[in-house]
Amino acid sequence: MDTMRERFASVVSGLLDEDPRLAVVLAEIGTDGFRRAAERHPDRVVNVGIREQLLVGVGGGLALAGMRPVLHTFASFLVERPFEQLKLDFGHQGTGGVLVSAGGSYDWPAGGFTHMAPGDVALLDTLDGWTVHVPGHPDEAESLLRRACAGGSGGDRVYVRLSAQTNARPRPVTGEGFLTVRRGGPGAPVVVAVGPLLDSVLDAVGGLDATVLYAATVRPFDAAALRAAVAGSSAPEAVLVEPYLAGTSTAAAAEALADVPHRILGLGTARAELRRYGTAAEHLAAHGLDPRSLRERITAFTARAAV
């Protein structure tokens, strides 16, 4: 099976042939995947070199000119480093575009903390109007990328967070709302599994009474789906399992349940930096996001409500 990044390069290269509005902007990273597309469309595949602020600035300029820019590099270089340009060149200018990241929270531990961005989605949450997709499989990535690239140039801002970690099979994602993949009994806790963490969550809740919602699109947050999942419970419990900073979506979940007493647990990467390279699997376990750790944390949370 190809990776999400490989699927991204092949899909968007094909879309460049079909849509003259589309342009890809790179900052050295990812150029190999677009080498043939650059030969066919040298004016619409632009490599600005290792200049991430310029990457975003060029994308904003293309959007102002009526193009649909697709910007790609590691998440730390796409969201964190050029954040001011995202705020001004897209948000303030009211332009649209597609950001496609790689690296995620810990996909390439050998790259060190410079190549990790556990806070990317939380940072984008400080800006208005961003749609955020977190696919859990290359097929989902393709579907969401096609949807994002087809968007209008004005005010349609999309972030697609690709990962090296994937679930075993794709889900029928549409770019809107959460999917119910497991339904528990009345009053059962609701676990929202984001993107590539779905399989870990399903393993973790095996044999437990729990409802599992799958989120491949986290912004806008599907408040209606969460409310429907907890309907009938006098004191709803929700657990959010996200592959980035723990608690990123707890405010959105709390707002969704504002009119009923509730308890929320936000699980994700910790704020503390892990300073050993290790492997991605070791980082997953260190952050308590492997199936065994998730089961322990979810059962401890629900047990406290029963005391």
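**A walk through the sheet, the rings and the cavities**

Five strands make an open sheet with mixed pairing, in the order E7-E9-E8-E11-E12. Strand E7 (179-182) and strand E12 (263-269) are the edge strands, and each pairs on one side only. On average, neighbouring strands of this sheet are turned by 25 degrees against each other, direction ignored. The axes behind such angles are lines fitted to C-alpha atoms, for helices over the stretch in contact, and angles run from 0 to 180 degrees between N-to-C directions.

This is a predicted model: local features need pLDDT of at least 70, side-chain atom pairs count only at pLDDT 80 or more, and totals for chains, interfaces and linings use all residues. Residues are numbered from 1 along each chain as its sequence is written, and side-chain values use heavy atoms, with hydrogens and water left out.

Two terms come first. Helices (H or I, at least four residues) and strands (E, at least two) are DSSP runs, numbered from the N terminus. Two strands pair if DSSP finds at least two bridges between them.

Now cross the sheet. E7 and E9 run antiparallel and are joined by three bridges. Here Thr180 stands opposite Leu213 in E9. Strand E8 (residues 190-194) pairs with E9 in the parallel sense, over five bridges. Val190 has Thr211 in E9 as its bridge partner. At the other end, strand E11 (residues 237-245) and E12 also pair in the parallel sense, over six bridges. Ala238 faces Ile264 in E12.

How covered is strand E9? Five of the five residues of E9 (residues 211-215) are buried. Buried means under 20% relative accessible area, exposed over 50%, and partly exposed in between (1.4 Å probe, protein chains only). Thr211, Leu213 and Ala215 point one way from E9, while Val212 and Tyr214 point the other way.

Next, the aromatic rings. A pair of aromatic rings is described by the distance of the centres and the angle of the planes. Rings of Phe, Tyr and Trp (its six-membered ring) pair if their centres lie within 6.5 Å; planes under 30 degrees apart count as stacked, over 60 as edge-to-face and the rest as tilted. The structure holds five aromatic pairs. One of them is Phe74 with Phe77, edge-to-face at 6.2 Å centre to centre and 75 degrees between the planes. Both Phe74 and Phe77 are buried. The rings of Phe178 and Phe221 have centres 5.2 Å apart and planes at 90 degrees, so this pair is edge-to-face. The pair links distant parts of the chain, 43 residues apart. Phe178 sits in the loop between strand E6 (157-161) and E7, and Phe221 in the loop between strand E10 (217-219) and helix H9 (223-230). Phe178 is buried because its relative accessible area is 11%. Phe221 has 16% relative accessibility, so Phe221 counts as buried. Ring pairs also link Phe74, Phe77 and Trp108 into a cluster.

Ala122 lies in helix H6 (residues 120-124). With a relative accessible area of 24%, Ala122 is partly exposed. The C-alpha atoms of Ala122 and Ala246 are separated by 9.5 Å, although these residues are 124 apart along the chain.

Last, the largest cavity. On a 1 Å grid over the protein atoms alone, a cavity is a set of points where a 1.4 Å probe fits but cannot get out, and lining residues have an atom within 4 Å of a point. The largest cavity is lined by 13 residues, and Ser105, Phe113, Met116, Pro118 and His287 lie nearest its centre.

How values were computed. 1 Å grid on protein atoms, 1.4 Å probe; cavity = no way out; pocket = protein on both sides within 12 Å on 5 of 7 lines; lining within 4 Å.
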